[in-house]
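Hi,

Here is the structure I promised to pass on. Have a look first, and then read on for what turned up in it.

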Amino acid sequence: MSRTITASYSPTRSSLLFRQGGDSLLPWLVPAGIFLAWSLASHFGWMSRQVLPPPSLVWQTLLELGGGELWEHLGISLRRLALGLLAGVAAGALLGATLGANARLERLAYPTFASLAQVPTLAWIPLFMLFFGIGEALKLVVLIKAVVVPVTVHTLVGVRDTQPRLREAAAVLRLAPHLRLWRLTVPAALPSFMAGLRIALSTAWSSLLAVELLASSEGIGYLMVWGRQLFMLDIVFVCILAIGLLGVLMDKGIALLDRRLLFWPHPPLAEFRRRHIKSDWQRLEPWLLPLALLGLWQLACSRQWIDANILVAPIAVLRSIWSGLLDGSLGEALARSLGRALGGLLLGGGLGLAMGILLGLWRPGERLLGPTLGVLRHVAIFAWVPLITAWFGLGEAAKLVFVAFATFFPLFIATRRGIANLSPQLDEAARVLRLNHRLRLTRLVLPGAAPAIFAGLRLALIYAWLGTIGAEYFMPSDGGIGSLMIAAQQLFQMDRIMAAMSLIGLTGALINTLGQLIEARATRWRNA
């Protein structure tokens, strides 16, 4: 009897071990396949060594640069990143806490801050170049701008939306101000602040690479540009590898810090809630600061307190916008940029949606492709610019690929997570109703994951616009709002730079609003 049991049990255990071994090997199949195809293409000369350097050359370059030069440039970039993070986080936390603790100050200052934040960091770079040159000050200012916005917004939410019951308890206990700060406000705001810090770190790293690609003589971005100009793509491959590893380490580090600091249960992040407007004066308060700043700006220019070559009057900016719209230069540039953004969104977003559905529904596909795509996600988007330009040139194809790459991951991640988080009861309902795969997808899976998918679409719309501006910066073209800004910056045409910045910010705000409307319309059944 025992022999029979043992004989029947052994194949089951061996098959289980075999299945577990296969599952552990699945994530390595795609990297191994890519490496094999890369090696074969190099060995048989299917692609030129200048276009696709062999793995042996990349490894040799890694060993050579790893002897000192790579670490030197990485150290310079990381030092810049650390300085920008310290300054930006300190400024953003102070500003966000101040606005969150004072409702009147929030009404006065936050609308102006939000309006300026609509202009992406990339769009500020030509203006910052004229103000600060191309030295270290430029990198620091760009990083501070990239960090301040997410940290301020999330700190404001955390401080302002502290649970009312905790505030009541603090008032009943008559806590001293310093105890209320450290025992109530900081713990309540910390989850939201950490979410902002995670976004700020990612944004700062991407922004630093962008500014190093545009204007730098040292740093990892400069090393990539140098390798691209000499058509030594082995250097570019090494830099992409280093940037990807750093991205993974920074993500793991911020996740570890988050777990160490947030060891108590906390509610999910809050949204901005509209405050009840009690009087007509409160309706006017948001307009006071921008009107005062515009008045001060116009006064400084009219009194010539600032050189007109550095800062032009707001009237001149309005005239430039009006003349650019009348002669069609601004309208044509904007239309061309929007066309590129839409084309890249359709290509990259559509592929991201399809891949998200595939990996969300097919678990072997998730184990096979998920880890590889997860690693690629941590490579900052601007790190791909030298490689894309080397493979696709500087034309429309390169711009389309870059924008598609920027929009792929938001929709892919959102779709995969939305499907993975579906209730198990939906599977039970599908089996009870005996739905086929098509009906299950269209009637259960996609409607259930729709909130996550459309949240990803909102992000993809924003990234499509940012990617378009970046593509026009790094891949010179005969049109587009980004190219117009670069040309105006080279000619010191401050009015055209600021006019283009205004249109970029306004377009970004409209795209964000469009995403919200699409999400609300497509998922209106949630409020039924």
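Helix α10 supplies the largest share of its lining, 7 residues. Keep in mind that this is a predicted model. The volume of this second largest pocket is about 1400 Å³. It is lined by 33 residues, and those closest to the centre are Ile-34, Trp-38, Phe-237, Leu-376 and Trp-384. If you want to find the pocket on screen, look for the elements that each give two or more residues to the lining: α1 (2–43), α2 (55–65), α10 (233–261), α14 (363–377), α15 (385–392) and α16 (396–420).

What classes of residue make up the lining of that pocket? By class, 31 are nonpolar and 2 are polar, with no charged residues.

The buried ones in α15 are Val-385, Pro-386, Leu-387, Ile-388, Thr-389 and Ala-390. Just past the end of α15 comes Gly-393, which has a positive phi of about 80°.

Now for the chain as a whole. It has 528 residues, and 43% of them count as buried. As for secondary structure, there are 20 helices and 0 strands. Taking the contacts with a separation of 6 or more, 77% are between residues 24 or more positions apart. The accessible surface comes to about 29000 Å², and carbon and sulfur atoms account for 66% of that.

Then there is the inside. The largest nonpolar core has 111 residues, and the members that touch the most others are Leu-81, Trp-205, Ile-220, Ile-243 and Phe-382. Which helix gives the most to this core? That is α8 (residues 177–214), with 13 residues. Another core, of 8 residues, lies apart from the largest one, and includes Phe-113, Val-148, Val-149 and Leu-156.

Setting aside neighbours within four places in sequence, Trp-205 is in contact with Ser-77, Leu-78, Leu-81, Ile-220, Ile-243, Leu-246, Met-250 and Ala-380. Among these partners, Leu-81, Ile-220 and Ile-243 are also on the list of core residues that touch the most other members.

Over to you!

Cheers

Notes. Residues numbered from 1 in each chain as written. Predicted model: local features only at pLDDT ≥ 70, side-chain atom pairs only at ≥ 80, totals over all residues. Heavy atoms only, no water. Core = buried A, V, L, I, M, F, W, Y, C linked by side-chain atoms within 4.5 Å. Buried < 20%, exposed > 50% of the residue type's maximum accessible area, 1.4 Å probe, protein only. Helix = DSSP H or I, 4+ residues; strand = E, 2+ residues; numbered from the N terminus. Contact = heavy atoms within 4.5 Å. Areas by Shrake-Rupley, 256 points an atom, 1.4 Å probe, with all protein chains shown as cover. 1 Å grid on protein atoms, 1.4 Å probe; cavity = no way out; pocket = protein on both sides within 12 Å on 5 of 7 lines; lining within 4 Å. Points joined across faces, edges and corners; volume = space filled by probe spheres on them. Nonpolar A, V, L, I, M, F, W, Y, C, P; charged D, E, K, R; others polar.
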